[in-house]
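Please find below a short note for the file. The points concern the interface between the chains and then one residue within a chain.

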There are 2 protein chains.
Amino acid sequence: MEITESNTTESSILNAAKGIFQRKGMAAARMQEIADEAGINKSMLHYYYRSKQLLFEAVFKSAFSTLAPQLNEIINADNSLFDKIINFTQNYITFIVKHPYLPNFIIQELNRNPEFARKLFSEKMPNIDKFRKQIENDVTNGLIKPINAEQLFINILALNVFPFVGAPLIKGFLNIDDKDFLKLMHERKIEVSDFIINAIKI
Amino acid sequence: MEITESNTTESSILNAAKGIFQRKGMAAARMQEIADEAGINKSMLHYYYRSKQLLFEAVFKSAFSTLAPQLNEIINADNSLFDKIINFTQNYITFIVKHPYLPNFIIQELNRNPEFARKLFSEKMPNIDKFRKQIENDVTNGLIKPINAEQLFINILALNVFPFVGAPLIKGFLNIDDKDFLKLMHERKIEVSDFIINAIKI
DNA sequence: ATTTAGTTCAACCAAATGGTTGACAAATGT
DNA sequence: ACATTTGTCAACCATTTGGTTGAACTAAAT
């Protein structure tokens with residue numbers, strides 16, 4: 001196997017699979033459709049990835065290993081709480097605007113397959129002790145109102161992740177089109193961190 | 001057709017379909033599995049609902065018409081903003097704890113089928129003018145900090161809806177089991193409204 | 001008692017779908 | 001040059017899956 005510029009067929013399969021799986025989910029995705037989008041024969045999918053399940057797992061792991069480190073920033077970065085919130089919000093929204101199907105895809109498949117979810121997290125268990133200590137310290141030092149670290153973590157995640165996962169719901173209720181939605185998301189890069197900081201600062 | 005206690009077969013089909021569709025989604029759901037769960041022959045599904053698509057739509061509409069009015073409370077209820085936030089948070093979380101698959105199901109299928117989503121909302125278009133006026137008034141009267149009505153609506157939705165949609169992600173990152181998760185959700189009935197009110201009150 | 005309409009199911013069916021095979025071409029090593 | 005490995009595809013295959021059919025059974029209506 002040449003390491004030069006990794007097999008072009010294999011990578012075009014993976015790219016096509018990413019597109020289809022992330023838009024349609026495992027169950028609704030069709031191997032033929034992936035082959036068509038990759039511009040190759042269906043046999044090639046099996047030649048490189050053996051089965052639909054394995055191809056799916058390759059796509060899922062790639063997606064998850066892209067998203068997880070971003071969320072880990074909240075609990076593991078070294079900066080102050082407010083900087084952490086400001087940076088995460090800015091970075092995450094910027095990133096997801098470019099990959100709008102990612103969070104929904106991951107959440108969807110984790111919901112469908114709790115086994116897989118548990119296995120995934122047991123391999124490399126995140127640890128929020130550091131984050132919890134930081135919150136407790138800031139509370140003790142009178143920097144922020146008393147709040148549970150878990151609840152704050154959920155709130156940060158919710159305010160940043162939900163708008164993309166629930167996009168159709170939001171577009172429907174606010175009766176806005178894609179362009180206006182995107183504008184709202186750009187505003188949220190500062191809107192959300194302001195909101196969180198206002199909620200907890202003394 | 002007797003109106004007495006609405007056909008027991010038909011309703012047991014609908015109940016089984018709700019369970020399967022909401023847990024697995026349209027694509028992964030199997031007609032045979034629904035029939036098994038309903039304890040009847042597969043032909044009965046088609047006898048009462050013609051096709052998988054129509055059965056799915058019956059389930060989806062039932063789910064959506066349960067959830068939508070709750071969200072409408074935010075934009076249409078008559079009470080003050082703070083009361084609105086307190087009531088909605090309390091009611092919504094209490095309700096969803098009893099129907100944990102609902103929000104994910106609806107969001108999932110809206111994402112998969114943007115056509116359907118657009119049609120759904122064009123039938124009975126929600127209108128946030130009233131809510132927008134309320135926010136603008138409260139801002140003018142110095143009750144709350146300046147904030148865009150759309151952004152506040154998204155934030156309220158996010159903080160309440162996301163934890164259930166993203167449950168596996170949260171359980172994974174916080175490394176907690178179902179029992180602890182449920183405890184966190186119960187705490188959120190007051191936690192979330194406090195958080196929102198703190199974020200916007202002057 | 002007989003018709004009629006509604007209900008239920010076992011057995012089928014056609015299409016779709018994930019996966020396999022075998023032949024063949026294109027590199028790659030010797 | 002030759003042999004071996006690797007890549008590619010058209011044609012198949014087995015199974016699953018949504019959907020149909022026709023016969024039997026029930027219960028009310030005539």
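1. The model is predicted. In the contact between its chains, 55 residues of chain B meet 55 residues of chain A.

2. About 5,100 Å² is buried between chain B and chain A, and carbon and sulfur atoms account for 71% of this area. The elements of chain B that each supply two or more residues to the side touching chain A are α1 (8–28), α4 (52–76), α6 (102–112), α9 (149–165), α10 (167–174) and α11 (178–200). Of these, α9(B) gives the most, with 13 residues.

3. By residue class, the side of chain B that touches chain A divides into 35 nonpolar, 12 polar and 8 charged residues.

4. How many salt bridges does the rule find across the interface of chain B and chain A? The number is 0. Polar contact across the interface of chain B and chain A, by contrast, is found for 16 residue pairs, with both residues of each pair at pLDDT 80 or more.

5. Is B:Ala38 buried or exposed? The relative accessible area of B:Ala38 is 14%, and the residue therefore counts as buried, the cut-off being under 20%.

6. Leaving aside residues up to four places away in sequence, B:Ala38 touches B:Ser12, B:Ile13 and B:Ala16. As for B:Lys124, the C-alpha to C-alpha separation from B:Ala38 is 32 Å in space, and the two residues are 86 residues apart in sequence.

Technical notes
Residues are numbered from 1 along each chain as its sequence is written. Chains are lettered from A and ligands numbered from 1 in the order in which they are written. This is a predicted model: local features need pLDDT of at least 70, side-chain atom pairs count only at pLDDT 80 or more; totals for chains, interfaces and linings use all residues. Side-chain values use heavy atoms; hydrogens and water are left out. Contact means heavy atoms within 4.5 Å. Buried area is the accessible area (1.4 Å probe) that two parts lose on being put together, summed over both. A salt bridge is a side-chain nitrogen of Lys or Arg within 4 Å of a carboxyl oxygen of Asp or Glu. A polar contact is a pair of N or O atoms within 3.5 Å; within protein, one must be able to donate a hydrogen and the other to accept it, and residues adjacent in sequence count only if both atoms are side-chain atoms. Helices (H or I, at least four residues) and strands (E, at least two) are DSSP runs, numbered from the N terminus. Ala, Val, Leu, Ile, Met, Phe, Trp, Tyr, Cys and Pro count as nonpolar, Asp, Glu, Lys and Arg as charged, and the others, Gly among them, as polar. Buried means under 20% relative accessible area, exposed over 50%, partly exposed in between (1.4 Å probe, protein chains only).
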